[in-house]
Amino acid sequence: MTLVERTQCQIEQMILNKEYDANNYLPSEGELCKRFDVSRVTVRDAVRALETRGFLKRIHGKGLLVLDNSVPVLSRSITDMINKGDCNTGHLMEVRAIIEEACARLAAQRITPEELAVLDRVCRSMEDASVMDSAYFSNDLQFHIQLANSTRNPLLVAIVNAYTPLLRDSIIRASRVDYCIEARHHYHRNILNCLAQGDPERAARTMRDHLRATQENYGQG
């Protein structure tokens with residue numbers, strides 16, 4: 001580990017330990033130099049790395065502001081992995097089986113009447129569609145994103161948001177059939193019914209059935 005990397009880890013630990021003032025500012029660069037016994041150049045390089053990762057923002061005339069955006073940082077990190085090609089659709093389907101079954105289970109316990117109404121409108125739009133066009137795919141995507149939001153778990157939301165670009169591509173490819181999938185099979189409506197009944201295990205099983213069918217359709221695409 002280089003001196004800059006070590007200093008970066010030490011500053012990151014300060015952030016995790018909430019060692020900053022009431023306005024969310026770290027000690028000055030000079031104080032950090034003394035604390036870690038390193039040069040200003042080392043501190044600045046460490047701070048620059050943490051700015052890139054979204055932990056800090058340099059405010060001119062004030063100092064180093066600690067940013068409370070750990071969830072967006074997590075989402076961006078996963079998105080970067082996908083964009084670099086480190087993840088493929090096979091990886092996505094494995095993760096979806098874990099994450100979205102959990103989302104369905106939790107949402108069945110936590111979803112609000114207002115959120116159920118949103119999902120109902122989304123389902124109706126897909127069921128009434130004559131063709132699976134961009135509006136259909138957007139509604140399909142919205143269903144899964146809203147489901148994650150209904151869990152009230154920011155980490156689940158971050159993960160789903162991170163793989164959303166790849167998720168949209170997989171939805172489109174898995175929908176290469178000559179009929180409207182939702183109108184015939186009602187996968188999303190079946191999940192919604194389980195959520196409305198407050199049945200976590202049935203919601204998870206119904207999501208599993210939906211994802212299995214998606215996987216099978218994808219393989220035929």
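**Entry 1: helix α1.** I kept in mind that this is a predicted model. I began with α1, which runs over residues 3–16 and reaches 20 Å from its first C-alpha to its last, close to the 20 Å expected. Which of its residues are buried? I found Thr-7, Gln-8, Ile-11, Glu-12, Met-14 and Ile-15. They cover an arc of only 150° around the axis, which puts them on the same side of α1. These buried residues pack against α2, α3, β1 and β2. Just after α1, I noted that Lys-18 has a positive phi of about 60°.

**Entry 2: salt bridges.** I counted 13 salt bridges. One joins Arg-58 and Glu-29, at 2.9 Å from N to O. Arg-58 is in strand β1 and Glu-29 in helix α2, so the pair ties together parts 29 residues apart in sequence.

Entry 3: Asp-120 and Arg-189 form a salt bridge, with their closest N and O atoms 2.6 Å apart. This pair links helix α6 to helix α11, across 69 residues. Arg-189 is buried, at 15% relative accessibility. I then checked Arg-212 and Asp-209, which meet at 3.1 Å. Both lie in helix α12, three residues apart, about one turn of the helix. Arg-212 is partly exposed at 42%, and Asp-209 is partly exposed at 42%.

Key: Residues are numbered from 1 along each chain as its sequence is written. This is a predicted model: local features need pLDDT of at least 70, side-chain atom pairs count only at pLDDT 80 or more; totals for chains, interfaces and linings use all residues. Side-chain values use heavy atoms; hydrogens and water are left out. Helices (H or I, at least four residues) and strands (E, at least two) are DSSP runs, numbered from the N terminus. The expected span of a helix is 1.5 Å times one less than its number of residues. Buried means under 20% relative accessible area, exposed over 50%, partly exposed in between (1.4 Å probe, protein chains only). The arc is that of the directions from the helix axis to the C-beta atoms. Contact means heavy atoms within 4.5 Å. A salt bridge is a side-chain nitrogen of Lys or Arg within 4 Å of a carboxyl oxygen of Asp or Glu.
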